[in-house]
Amino acid sequence: MDERTGVFRVYRVVEAVPHINLFDTDATRLYTVYQSGYGERQPAVDGLRTGALVEATLGGDPDDSDEAWSLLSFERLDRVAMDFAVDAEVPEVAADLWEPGLERPASAVLEEDGEPVAECFVQSRAPLPGGTFVPSVLTGLVPMESLLTELPGIGEPPTDAIFIDPDPPDADSYARPYGVAVLFTAAADDLLAEFRDRYNLSADADNRPEYDPYGL
């Protein structure tokens, strides 16, 4: 068994998948990790939430792609709280940002009381597996670690993120060719509350959508 030690971003995927995905923030590699079988450490593993940043040691066989890795040890460092809204209307600022043929994410800074507190991004479905947005976010397949470290339009790290998909995860076709991510800094107050209210999101609730990823 080989070991890998580093800093990882946690993606808890969905309840139907008995694994956690861990994105290595330095090596930019995604590891699939068992989410059960940890004995007395199980409550701590269960307490890991999507968006958590951990320093961890993983154990596994890098030559066996069918076998998941295990969490040998970990310490939580930080977290960007992540919320999800699917089959939902996109905010007007996102609709204004989108342009046909857009290949790279486009963004706009959002203000509260004249101060920049959030940034809204539109992400094309085109490069994502199957064109799915929220499922790709949940599995860690959207390359956004740099945004979770520092918002480019503000120069501050985000503390909260809301991912908005205009279509359900199992859609056969898409109403819009993009998904939306709104990332908020610690200075956001009323704006974050407004978005939570608009999409009926409860603070610190697990609102990952329920679906069967094997059926996609």
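The legends below accompany close-up views of one predicted model.

In this predicted model, local features are described where pLDDT is at least 70 and side-chain atom pairs where pLDDT is 80 or more, while totals for chains, interfaces and linings use all residues. Residues are numbered from 1 along each chain as its sequence is written, and side-chain values use heavy atoms, with hydrogens and water left out.

**View 1. Strand β8 and its antiparallel partners, β7 and β10****.** Strands, like helices, are DSSP runs numbered from the N terminus, with at least two residues (E) for a strand and at least four (H or I) for a helix; two strands pair if DSSP finds at least two bridges between them. Strand β8 spans residues 115-124 and is mostly covered, since eight of its ten residues are buried, where buried means under 20% relative accessible area, exposed means over 50% and partly exposed lies in between (1.4 Å probe, protein chains only). Seven bridges join β8 to strand β7 (residues 106-112), and the two run antiparallel. Strand β10 (residues 178-184) also pairs with β8 in the antiparallel sense, over seven bridges, and in this pairing L183 of β10 stands opposite E119.

**View 2. The hairpin of β7 and β8****.** Two residues lie between the strands of this hairpin, where D113 takes a positive phi near 55°. E112, which lies in strand β7, has E115 of β8 as its bridge partner. With a relative accessible area of 13%, E112 is buried.

**View 3. The hairpin of β2 and β3****.** Strand β2 (residues 19-24) and strand β3 (residues 29-34) run antiparallel and are joined by six bridges. Within this pairing, L22 stands opposite Y31 of β3. Four residues lie between the two strands of the hairpin, and T28 in the turn has a positive phi of about 50°.

**View 4. The salt bridge of E145 and R9****.** Side chains of opposite charge can pair when their charged atoms come close. A salt bridge is here a side-chain nitrogen of Lys or Arg within 4 Å of a carboxyl oxygen of Asp or Glu, and a search of the whole structure finds eight of them. In the bridge between E145 and R9, the closest N and O atoms are 2.7 Å apart. E145 lies in helix α4 (residues 145-149) and R9 in strand β1 (residues 2-11), so the pair ties together parts that are 136 residues apart in sequence. E145 is buried, with a relative accessible area of 13%, and R9 also counts as buried, at 3% relative accessibility.

**View 5. R208, E15 and D206 in a network of salt bridges****.** The side chains of R208 and E15 meet in a salt bridge with an N to O distance of 3.0 Å. Because R208 lies in the segment after α5 (190-198) and E15 in the loop between β1 and β2, this pair ties together parts that are 193 residues apart in sequence. At 14% relative accessibility R208 counts as buried, whereas E15, at 63%, counts as exposed. D206 is linked with E15 and R208 in the network.

**View 6. The salt bridge of D83 and R196****.** The side chains of D83 and R196 meet at 2.6 Å, N to O. D83 lies in strand β6 (residues 81-86) and R196 in helix α5, so the pair ties together parts that are 113 residues apart in sequence. D83 counts as buried at 3% relative accessibility, and R196 is buried with a relative accessible area of 12%.

**View 7. A patch of negative charge on the surface****.** D2, E3, D61, D63, D64, D66 and E67 gather in this patch, where Asp and Glu count as negative and Lys and Arg as positive, with His and the chain ends not counted. Patches are made of residues with over 30% relative accessible area and no salt bridge, like charges being joined within 9 Å and nonpolar side chains (Val, Leu, Ile, Met, Phe, Trp, Tyr) within 5 Å. D64 lies in the loop between β4 (52-60) and β5 (70-79), and is partly exposed, with a relative accessible area of 31%.

Note on methods. Areas by Shrake-Rupley, 256 points an atom, 1.4 Å probe, with all protein chains shown as cover. Charge placed at Lys NZ, Arg CZ, Asp CG, Glu CD.
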